[in-house]
Amino acid sequence: MTNSINELEADAKCVFLIGTNTTENHPVIGYKIKQNVRKNGAKLVVADPRRIELAEMADVYMKFKPGTDVALINAMMNVIINEELLDKEFITNRTEGFEEMAAVIAQYTPEYAEEITEVPAEDIRKAARLYAEADTASICYAMGITQHSTGTDNVKSVCNLALLTGNLGKPGTGVNPLRGQNNVQGACDMGALPVTYPAYQKVTDSAVREKFEKAWGVSLSPNNGLTLTAAINKAYSKELKGLMVIGENPMVSDPDLKHVEEALDNLELLMVQDIFFTETARKADVVFPGVTFAETDGTFTNTERRVQRVRQAISPRGGTLPDWQILCELSKRLGYPMNYSSPEEIFDEMKTVTPSYAGMTYTRLEGKGLHWPCPNEEHMGTPVLHKEKFNRGLGLFHAIEFKDPAELPDEEYPLILSTGRNLFHYHTGTMTRRSSALNKHVPENEVQINPATAERLNIVNGEKVKVVTRRGNIEVKAKVTDIVNENVIFTYFHFSEAAANMLTNADSLDPVAGIPEYKVCAARVEKI
Amino acid sequence: MISLTIDGREIQVPRGTTLLTACRQAGADIPTLCYDPDLRLAGSCRMCVVEVKGRRNLVAGCVTPAENNMVVETESPDVVESRKIILELLLARHKLTCHTCESDGSCKLQDYCYRYGVTDSRFTGEFHDGPHFSKEDANPFIKRDYDKCIMCTRCVRACEEITGAQAINVMNRGHHAKIATIFDGNLEDSPCVFCGQCIMVCPVGALTSKVAAGKGKSYQTEKVLTTCTYCGTGCTLELNVKDDKVVGVTSVRDENWSPVNRGALCVKGRFGWDFINSSDRLTTPLIRENGELRPASWDEALDFTAAKIKEIKGEHGPDSLAMFSSARVTNEENYLAQKLMRAAIGTNNVDHCARL
Ligand code: SF4
Ligand code: SF4
Ligand code: SF4
């Protein structure tokens, strides 16, 4: 997030949610948005292919066709430009590329976008006005924006909208991706990415590389590494021989599970480190038992870049070892000893090579934590980014054209399948499915089907149906509901026994981010 | 600033301060049941009554503004008598079963009865003869025992003002009054999202966690402040620990210790913790032998893995190895994971499921 979570409750005069089912996936942020609307009268604009809970209290709700995000946002910008609701001063002083972008936007009239998105032109106009006319307006998005073959374009479009209205660099504004996992921000910050060292320092930059070579006392590879999805493909083609998986479950979370399974079967070494015997662990050659968050010390970095302490509450269960100790033991045996007596010692080394964390210590993190960047020990952290300038100096507009999703419905697969999460479960379900109350409350998967579609297929609520795509099929309970449109169905990916990712498409990656198109693939529903 | 005298002590407070705040500032221990600093005032329990010189009636401190030159007594005989009557009235419809109550030791009703020596009620009969309120609610998260409810309405206000669910409200009047969902149904059929904010604010044992039930009373557990393991919001929560086991989750409402959520949690954070003690936990390393995974010692498993990595690296080069680190483990572990791949193995093939 460019801004902090509590601004959504206190400072934002308008909140625009697109591709985030906030009350289910980031519930506490959802509460704050609701309070802002109810108590302070903040305006709420919601764009989502499903009529999610927050749509009910929105001033404008746009139920758009999955995968048409760019057309929708471009049309909002079209209105803002034509009605002169843009922030000219901000555009002049802080941005570049406006003319090129505006040239593309010109054709995206609300009427033109209505054809693509199925959102009434008048609603697009209303939404654009609410967002642009508010003193401070915040955009929040989640995987609904990013999990598309055009994910990067979608994100750029969202940024365009914020730049166009000057909604960056002050409290209550910003472009705010709500990240799905407790420490996904931290994992990225720490350089668990194939192209960057900690703090997004590029592995291909020789000055950076020299710095790390010095710090770590070895020479380092100058080549970008493989993304997760690319690694799976290389395993499939047998170019990748060994894979170590820590606390991940690609056998449930990754697209096209049949493909994943074959890829993992091809490996000479699959090492899995996890707390449970996951679907992926079952395929492993060696399994290390790690610990839960209750059994370790350390830090997590949340979606607003706030670094907070994790504190050990109980001793590691049974014969488990904290994950950091497993890594140290392995490294020692690989001839590269990494000796640390505690996570704090690791943190203290990490911050010497991570400029955005340089000013943090465990002592300083007590209590409220710190938002990065926090470059030195006097610095109080940075809840709001881009106050005076952007990382690159001027904010760059991108001229983005709408592109269709990779796999469109056809006669054989006439519906659009979207996947996502439920309030009561988390990711591949390894933890929540073993949490007695959560799993009792929501024990099985469902596929949401519009009543008209259900009637056409002669399906009643609660009936087991088969969902079929080009990759495979699953049997799952039908939930007949008009929160989805007639041409859309939706299912959850938490349930390995009815795994949504048997259905999803591994060939439709975003070309830049390598993210799979979980929000759109072509499917059909069959009566069993 | 205005000045007033509280229990013989003169203090200064800004104009607009309530008497309750002023008294507490003066060091008086004012009992409250319905008062909650984060919620709209209810002014209904009247436990916070104090005596103001020159006024005929006792006043409720939480709704009365402090005035210049007021002289206030916080434990005068009239105040004490009034509080006793309130407590007795509450006990009259209360299922007093402290010995088996989850809230024993962390219950305001119990504390105040102790403080004022109230053992039972002179308004007897009502509980045994009168209406019963306990609610069998099949949900797996929240036990609703309204025979212990004191009608402070903090749960109603938290549900609306913190979570925004508006799932529960006051139903009926007089001594039939109770907390209920619309049509007095189960929480599951209401807009309830099982956040447990109602449990958090309940000052007695009327609302309690079914997941933590029977596992330890508050004073038997140690509370360890940490960060939630689920979504990226990063809520602060307290793991309740007894005998080296996590037996519950609570939260702190102090912004200085719970900066993101000020005590509010969602259903996963508050009720999704017993996986920690699951019998499914992996407890020993495993090695595949003849197609089967069998238990192994740490040394054996680590040596096996290291040897295999070296072999692959020797034959096919470092880029034939890759690691998926994790968005669930700590920063420290992610740092080590990428350092291991880059420095110990020599490849940048490290990623995690940020995109999934
Ligand atoms: S709610 Fe309080 S007073 Fe009532 S039984 Fe429980 S501990 Fe005792
Ligand atoms: S659990 Fe949350 S939503 Fe349900 S009644 Fe309690 S406060 Fe309201
Ligand atoms: S309590 Fe709920 S909202 Fe808060 S971090 Fe945990 S999962 Fe997210």
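This is a predicted model: local features need pLDDT of at least 70, side-chain atom pairs count only at pLDDT 80 or more; totals for chains, interfaces and linings use all residues.
In chain A, 69% of the contacts with a separation of 6 or more come from residues 24 or more positions apart. As for secondary structure, chain A has 20 helices and 21 strands. Its radius of gyration works out at 24 Å, close to the 24 Å that the globule rule gives for 528 residues, so chain A is as compact as a globular protein of that length. The C-alpha trace of chain A spans about 65 × 60 × 45 Å along its principal axes.

On to burial and surface. Some 66% of the 528 residues of chain A count as buried. On the charge side, chain A carries 56 positive and 71 negative side chains, with the centres of the two sets 4 Å apart.

Chain B, for its part, splits into domain 1 (2-75), domain 2 (123-209), domain 3 (218-277) and domain 4 (286-355). Taken over C-alpha atoms, the centres of domain 1 of chain B and domain 4 of chain B are 63 Å apart.

One residue links the two chains in this account. A:Ser436 sits in helix H19 of chain A, which covers residues 436-441. Leaving aside residues up to four places away in sequence, A:Ser436 touches B:Val211 and B:Asp274. Its relative accessibility is 42%, so A:Ser436 counts as partly exposed.

Note on methods:
Residues are numbered from 1 along each chain as its sequence is written. Chains are lettered from A and ligands numbered from 1 in the order in which they are written. Side-chain values use heavy atoms; hydrogens and water are left out. Helices (H or I, at least four residues) and strands (E, at least two) are DSSP runs, numbered from the N terminus. The radius of gyration is taken over C-alpha atoms; the globule rule is 2.2 Å times the number of residues to the power 0.38. Buried means under 20% relative accessible area, exposed over 50%, partly exposed in between (1.4 Å probe, protein chains only). Contact means heavy atoms within 4.5 Å. Lys and Arg count as positive and Asp and Glu as negative; His and the chain ends are not counted. The place of a charge is taken as NZ of Lys, CZ of Arg, CG of Asp or CD of Glu. Domain bounds come from an automatic or database domain assignment.
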